[in-house]
Amino acid sequence: CDALGVEIDDSLLAGAAAAEISRWRGERLALPGGGVLIADCYNANPVSMSAALRDLVAVADGRRTVAVLGDMAELGETAEGYHAAVASELADLGIDEVIAIGPLSRAYGGTWYETLAEALEAVPAAIQPGDAVLVKASRAMGLEAVVEAVTA
């Protein structure tokens, strides 16, 4: 609203609250033991990855944090540097457990799986009751399968 010079009023807030967001875009799902899973696996770029990680920490509110992150696609020649920047932010935010999926995501550190198929067998066991979990990657990575495996 600031950027557009628009006043925030009750009708604007009511309209925003009624907007439906498509699946996999910051969708919050309940997990056992009071945990929460943030399914944000529709799109990923350096800015959205940073915002999602900060959101994870805020939502966790002191709970153990698990970031299940895949590659950010279509970043061109600068892709490796962007993935390294995410790794730095993971460390700065103190994310408790990182699970990285895909060739470029190896830069994130933590436990790394080259393929989604490998990760699908291990990820559910890595999540504990009460955890706050973020699942985020570019759509091409197919990490909605991780969300389904964890919430099934």
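On one side of helix α4, A117, E121 and A125 are exposed. The buried residues of this helix, which spans residues 116-126, are A119, V123 and A126. Seen down the axis of α4, these buried residues fall within an arc of 60°, so they line one face of the helix. The model is predicted. It holds 6 salt bridges.

**Salt bridge D40–K136**

- The side chains of D40 and K136 meet in a salt bridge, with an N to O distance of 3.4 Å.
- D40 lies in strand β2 (residues 35-40) and K136 in strand β6 (residues 132-136), so the pair ties together parts that are 96 residues apart in sequence.
- The C-alpha atoms of K136 and D40 are separated by 4.9 Å.
- Is D40 buried or exposed? D40 is buried, because its relative accessible area of 16% falls under the 20% cut-off.
- K136 also counts as buried, at 1% relative accessibility.

**Salt bridge R54–E89**

- R54 and E89 meet through their side chains in a salt bridge of 3.7 Å, N to O.
- This pair links distant parts of the chain, with R54 in helix α2 (residues 46-60) and E89 in helix α3 (residues 79-93).
- The two residues are 35 apart in the chain.
- R54 counts as partly exposed, at 46% relative accessibility.
- E89 counts as buried, at 19% relative accessibility.

- The side chains of E97 and R64 form a salt bridge at 2.3 Å, N to O.
- E97 sits in strand β4 (residues 97-101), and R64 sits in the loop between α2 and β3 (65-70).
- The pair links distant parts of the chain, 33 residues apart.
- E97 is buried, with a relative accessible area of 19%.
- R64 counts as partly exposed, at 23% relative accessibility.
- Which residues are linked in a network of salt bridges? They are R64, E97 and D131.

**Nonpolar surface patch**

- L4, V6, I8, L12 and L13 form a nonpolar patch on the surface.
- Together these residues have about 490 Å² of accessible area.
- One of them, L13, lies in helix α1 (residues 10-18).
- L13 is partly exposed, because its relative accessible area of 48% lies between the 20% and 50% cut-offs.

**The segment before α1**

- D9 is found in the segment before α1.
- D9 is partly exposed, with a relative accessible area of 37%.
- The C-alpha atoms of D9 and L53 are separated by 29 Å.
- Along the chain, D9 and L53 are 44 residues apart.

- D61 has a positive phi of about 50°, although it is not a glycine.
- D61 is placed in the loop between α2 and β3.
- D61 counts as exposed, at 68% relative accessibility.
- E74 has a positive phi of about 60°, and E74 is not a glycine either.
- Where is E74 found? E74 is in the loop between β3 and α3.
- E74 is exposed, because its relative accessible area of 83% is over the 50% cut-off.

**Aromatic rings**

- A pair of aromatic rings is described by the distance of the centres and the angle of the planes.
- With ring centres required to lie within 6.5 Å, the count comes to 0 aromatic pairs.
- R106 lies over the face of W112.
- The distance from R106 to the ring centre of W112 is 3.9 Å.

Notes
Residues numbered from 1 in each chain as written. Predicted model: local features only at pLDDT ≥ 70, side-chain atom pairs only at ≥ 80, totals over all residues. Heavy atoms only, no water. Phe/Tyr/Trp six-rings, centres within 6.5 Å; stacked < 30°, edge-to-face > 60°. Lys NZ or Arg CZ within 6 Å of the ring centre and 35° of its normal. Patch = residues over 30% accessible without salt bridge, like charges linked within 9 Å, V, L, I, M, F, W, Y side chains within 5 Å. Areas by Shrake-Rupley, 256 points an atom, 1.4 Å probe, with all protein chains shown as cover. Salt bridge = Lys/Arg side-chain N within 4 Å of Asp/Glu carboxyl O. Helix = DSSP H or I, 4+ residues; strand = E, 2+ residues; numbered from the N terminus. Buried < 20%, exposed > 50% of the residue type's maximum accessible area, 1.4 Å probe, protein only. Arc of directions from axis to C-beta.
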